[in-house]
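This briefing concerns the sequence and structure shown below.

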Amino acid sequence: MTEAAQKLPVVVYTDGACKGNPGPGGWGALLIAGSHRRELYGGELNTTNNRMELTAAIEALRALTRTCEVELFTDSNYVKQGIETWIHGWKRNGWRTSDKKPVKNADLWQALDAACGNHRVTWRWVKGHSNDPGNERADALANEGVRSVLQTK
């Protein structure tokens with residue numbers, strides 16, 4: 001993003017994809033600030049859908065080079081509820097759930113928490129595969145992430 005774009009509120013769409021769960025997975029993010037757009041994607045050979053959903057949000061926030069006002073759209077209730085609600089208890093409980101089990105994907109939850117620290121993030125849920133242009137593009141980028149790791153196999 002350019003310096004001028006960084007001063008605008010940033011709208012982010014994120015998505016994760018997995019071919020098998022676990023299996024090859026990808027993540028994608030679309031960042032929009034005014035007329036500026038940036039697309040990101042990547043993937044892993046052996047992962048889960050939830051890990052890719054989290055990674056998409058982490059990588060999108062890490063891509064912002066200055067403190068931003070961010071409106072982040074995800075089709076993952078797991079990500080939205082986790083970052084807005086569950087994470088507070090996990091942190092109080094030393095990254096354990098209410099029934100004292102280790103939090104799944106704690107490494108990524110901690111990374112997401114850190115990535116959010118630099119920004120003011122408003123989390124929005126969007127129904128997946130419902131013709132929302134931003135979500136559809138993030139989904140396409142996530143699938144490109146899957147293709148990219150399958151090609152290097």
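Does Thr47 count as buried or exposed? At 2% relative accessibility, Thr47 counts as buried, where buried means under 20% relative accessible area, exposed over 50% and partly exposed in between (1.4 Å probe, protein chains only). The model is a predicted one, in which local features need pLDDT of at least 70 and side-chain atom pairs count only at pLDDT 80 or more, while totals for chains, interfaces and linings use all residues. Residues are numbered from 1 along each chain as its sequence is written, and side-chain values use heavy atoms, with hydrogens and water left out.

- Thr47 lies in strand β3; helices (H or I, at least four residues) and strands (E, at least two) are DSSP runs, numbered from the N terminus.
- Leaving aside neighbours within four places in sequence, Thr47 is in contact (heavy atoms within 4.5 Å) with Cys18, Asn21, Pro22, Gly23, Pro24, Gly25 and Met52.
- Pro22, one of these partners, lies in the loop between β1 and β2, and the peptide bond from Asn21 to Pro22 is cis, with omega near 15 degrees.
- Arg38 is also found in strand β3, but this residue is partly exposed, with a relative accessible area of 32%.
- A polar atom of the Arg38 side chain lies 3.5 Å from the backbone oxygen of Ala63.
- The C-alpha atoms of Arg38 and Ala60 are separated by 9.5 Å, the two residues being 22 apart along the chain.

**Helices α2 and α4**

- The axes of helix α2 (residues 49-62) and helix α4 (residues 106-116) come within 9 Å and cross at roughly 25 degrees; axes are lines fitted to C-alpha atoms, for helices over the stretch in contact, and angles run from 0 to 180 degrees between N-to-C directions.
- That angle makes α2 roughly parallel to α4, since angles under 35 degrees count as roughly parallel, over 145 as roughly antiparallel, 65 to 115 as roughly perpendicular and the rest as oblique.
- The contact is made by Arg51, Leu54, Thr55, Ala57, Ile58, Leu61 and Arg62 of α2, together with Asp107, Leu108, Trp109, Ala111, Leu112, Ala115 and Cys116 of α4.
- In α4 the buried residues are Ala106, Leu108, Trp109, Ala111, Leu112, Ala115 and Cys116, and they pack against α2, α3 (77-92) and β5 (120-125).

**Helix α5**

- Helix α5 (residues 133-151) has 19 residues, which at 1.5 Å a residue should span 27 Å, and its end C-alpha atoms are 27 Å apart, in agreement; the expected span is 1.5 Å times one less than the number of residues.
- Asp132 caps the N-terminal end of α5, with a side-chain oxygen 3.1 Å from the backbone nitrogen of Gly134.
- Gly134 is itself among the buried residues of α5, as are Asn135, Ala138, Asp139, Leu141, Ala142, Asn143, Gly145, Val146 and Val149.
- The buried residues of α5 pack against β1 (10-18), β2 (23-33) and β3 (36-47).

- Asn105 has a positive phi of about 65 degrees although it is not a glycine; Asn105 is placed in the loop between α3 and α4 and, at 16% relative accessibility, counts as buried.
- His129, likewise a residue other than glycine, has a positive phi near 55 degrees; His129 is in the loop between β5 and α5 and is exposed, with a relative accessible area of 58%.

Methods: A polar contact is a pair of N or O atoms within 3.5 Å; within protein, one must be able to donate a hydrogen and the other to accept it, and residues adjacent in sequence count only if both atoms are side-chain atoms.
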